[in-house]
Amino acid sequence: MKILKTAILAIAVMATAASSTVLAAPDTCPQGVNGSTSAVCSELKSGGTGFSDTTKNIVNTLLLGIGIVAVIMIIVSAIRFSISHGDQAKVANARSTLIYSVVGLVIAVLAYAIVRFVLDRL
(Lines give C-alpha, C1' and ligand atoms only; values in the text may rest on other atoms or scores of the structure.)
Protein backbone atom coordinates (compact mmCIF):
# COMPACT_ATOMS: atom_id res chain seq x y z
CA MET A 1 0.00 0.00 0.00
CA LYS A 2 2.89 2.32 0.74
CA ILE A 3 4.26 1.69 -2.78
CA LEU A 4 0.89 2.62 -4.31
CA LYS A 5 0.75 5.88 -2.35
CA THR A 6 4.31 6.70 -3.41
CA ALA A 7 3.51 5.97 -7.06
CA ILE A 8 0.38 8.15 -6.98
CA LEU A 9 2.33 10.97 -5.34
CA ALA A 10 5.07 10.70 -7.98
CA ILE A 11 2.49 10.84 -10.79
CA ALA A 12 0.85 13.88 -9.22
CA VAL A 13 4.19 15.67 -8.91
CA MET A 14 5.03 14.91 -12.55
CA ALA A 15 1.61 16.15 -13.68
CA THR A 16 2.02 19.37 -11.73
CA ALA A 17 5.48 19.95 -13.16
CA ALA A 18 4.34 19.22 -16.70
CA SER A 19 1.29 21.47 -16.48
CA SER A 20 3.28 24.34 -14.99
CA THR A 21 5.80 24.02 -17.82
CA VAL A 22 3.01 24.19 -20.39
CA LEU A 23 1.31 27.12 -18.67
CA ALA A 24 4.54 29.07 -18.23
CA ALA A 25 5.56 28.84 -21.89
CA PRO A 26 6.09 32.26 -23.45
CA ASP A 27 3.68 33.53 -26.09
CA THR A 28 6.42 34.80 -28.37
CA CYS A 29 9.23 32.81 -29.93
CA PRO A 30 12.82 34.05 -29.79
CA GLN A 31 14.50 34.93 -33.07
CA GLY A 32 17.52 32.94 -34.15
CA VAL A 33 20.79 34.35 -35.43
CA ASN A 34 19.48 34.57 -39.00
CA GLY A 35 16.02 35.76 -37.96
CA SER A 36 14.37 32.33 -38.11
CA THR A 37 12.35 30.68 -35.36
CA SER A 38 12.46 27.09 -34.19
CA ALA A 39 10.26 24.38 -35.69
CA VAL A 40 8.24 24.16 -32.46
CA CYS A 41 7.49 27.88 -32.52
CA SER A 42 6.53 27.74 -36.19
CA GLU A 43 4.16 24.87 -35.50
CA LEU A 44 2.59 26.70 -32.56
CA LYS A 45 2.08 29.83 -34.64
CA SER A 46 0.49 27.85 -37.46
CA GLY A 47 -1.96 26.24 -35.02
CA GLY A 48 -0.45 22.75 -35.25
CA THR A 49 -0.57 22.06 -31.53
CA GLY A 50 -1.95 24.17 -28.78
CA PHE A 51 -2.75 24.16 -25.13
CA SER A 52 -5.70 21.82 -25.61
CA ASP A 53 -3.69 19.22 -27.54
CA THR A 54 -0.80 19.38 -25.10
CA THR A 55 -3.12 18.98 -22.13
CA LYS A 56 -4.86 16.02 -23.79
CA ASN A 57 -1.48 14.36 -24.36
CA ILE A 58 -0.47 14.89 -20.72
CA VAL A 59 -3.80 13.54 -19.44
CA ASN A 60 -3.61 10.51 -21.75
CA THR A 61 -0.09 9.73 -20.56
CA LEU A 62 -1.05 10.07 -16.90
CA LEU A 63 -4.16 7.95 -17.39
CA LEU A 64 -2.03 5.25 -19.01
CA GLY A 65 0.37 5.31 -16.04
CA ILE A 66 -2.45 5.21 -13.50
CA GLY A 67 -4.14 2.38 -15.39
CA ILE A 68 -0.96 0.33 -15.42
CA VAL A 69 -0.41 0.89 -11.69
CA ALA A 70 -4.05 -0.01 -10.93
CA VAL A 71 -3.89 -3.23 -12.96
CA ILE A 72 -0.63 -4.22 -11.27
CA MET A 73 -2.16 -3.56 -7.85
CA ILE A 74 -5.25 -5.61 -8.76
CA ILE A 75 -2.96 -8.50 -9.74
CA VAL A 76 -0.98 -8.09 -6.50
CA SER A 77 -4.18 -8.17 -4.45
CA ALA A 78 -5.30 -11.34 -6.28
CA ILE A 79 -1.98 -12.98 -5.46
CA ARG A 80 -2.33 -11.86 -1.84
CA PHE A 81 -5.81 -13.43 -1.74
CA SER A 82 -4.37 -16.67 -3.08
CA ILE A 83 -1.53 -16.91 -0.59
CA SER A 84 -3.52 -15.79 2.45
CA HIS A 85 -4.58 -19.38 3.31
CA GLY A 86 -7.65 -18.14 5.14
CA ASP A 87 -5.82 -15.78 7.49
CA GLN A 88 -8.41 -13.06 8.12
CA ALA A 89 -5.86 -10.26 8.48
CA LYS A 90 -4.23 -11.10 5.14
CA VAL A 91 -7.61 -11.44 3.43
CA ALA A 92 -8.71 -8.05 4.78
CA ASN A 93 -5.45 -6.48 3.61
CA ALA A 94 -5.83 -7.97 0.11
CA ARG A 95 -9.46 -6.86 -0.04
CA SER A 96 -8.59 -3.28 0.90
CA THR A 97 -5.82 -3.23 -1.72
CA LEU A 98 -8.31 -4.42 -4.34
CA ILE A 99 -10.93 -1.86 -3.33
CA TYR A 100 -8.44 1.03 -3.33
CA SER A 101 -7.10 -0.02 -6.73
CA VAL A 102 -10.54 -0.16 -8.30
CA VAL A 103 -11.59 3.14 -6.71
CA GLY A 104 -8.39 4.78 -7.96
CA LEU A 105 -9.04 3.48 -11.46
CA VAL A 106 -12.63 4.77 -11.41
CA ILE A 107 -11.47 8.20 -10.19
CA ALA A 108 -8.84 8.33 -12.94
CA VAL A 109 -11.41 7.50 -15.63
CA LEU A 110 -13.83 10.11 -14.28
CA ALA A 111 -11.06 12.72 -14.17
CA TYR A 112 -10.21 11.87 -17.77
CA ALA A 113 -13.85 12.31 -18.81
CA ILE A 114 -14.10 15.67 -17.03
CA VAL A 115 -10.87 16.97 -18.59
CA ARG A 116 -11.96 15.82 -22.07
CA PHE A 117 -15.35 17.49 -21.59
CA VAL A 118 -13.78 20.79 -20.51
CA LEU A 119 -11.11 20.81 -23.23
CA ASP A 120 -13.65 20.02 -25.95
CA ARG A 121 -15.54 23.17 -24.92
CA LEU A 122 -12.47 25.42 -25.33
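I looked up K56 and found it in helix 3; helices here are DSSP runs (H or I, at least four residues), numbered from the N terminus. The model is predicted, so I kept its limits in mind: local features need pLDDT of at least 70, side-chain atom pairs count only at pLDDT 80 or more, and totals for chains, interfaces and linings use all residues. Residues are numbered from 1 along each chain as its sequence is written, and side-chain values use heavy atoms, with hydrogens and water left out.

Is K56 buried or exposed? I noted K56 as buried, at a relative accessible area of 18%. Buried means under 20%, exposed over 50%, partly exposed in between (1.4 Å probe, protein chains only). I then listed the contacts of K56, leaving aside neighbours within four places in sequence: R116, L119 and D120. Contact means heavy atoms within 4.5 Å.

Next, the helix pair. Helix 3 (residues 51-82) packs with helix 4 (residues 88-120) at about 165 degrees, axes 9 Å apart. That angle makes the two helices roughly antiparallel (over 145 degrees). Axes are lines fitted to C-alpha atoms over the stretch in contact, and angles run from 0 to 180 degrees between N-to-C directions. I recorded the crossing of helix 3 and helix 4 as left-handed: the near helix is turned anticlockwise from the far one by less than a right angle. The contact of helix 3 with helix 4 has 17 nonpolar, nine polar and five charged residues.

Last, the loop. I found H85 between helix 3 and helix 4. H85 is not a glycine, yet its phi is positive, about 55 degrees. H85 is exposed, at a relative accessible area of 75%.

Technical notes. Angles under 35 degrees count as roughly parallel, over 145 as roughly antiparallel, 65 to 115 as roughly perpendicular and the rest as oblique. Ala, Val, Leu, Ile, Met, Phe, Trp, Tyr, Cys and Pro count as nonpolar, Asp, Glu, Lys and Arg as charged, and the others, Gly among them, as polar.
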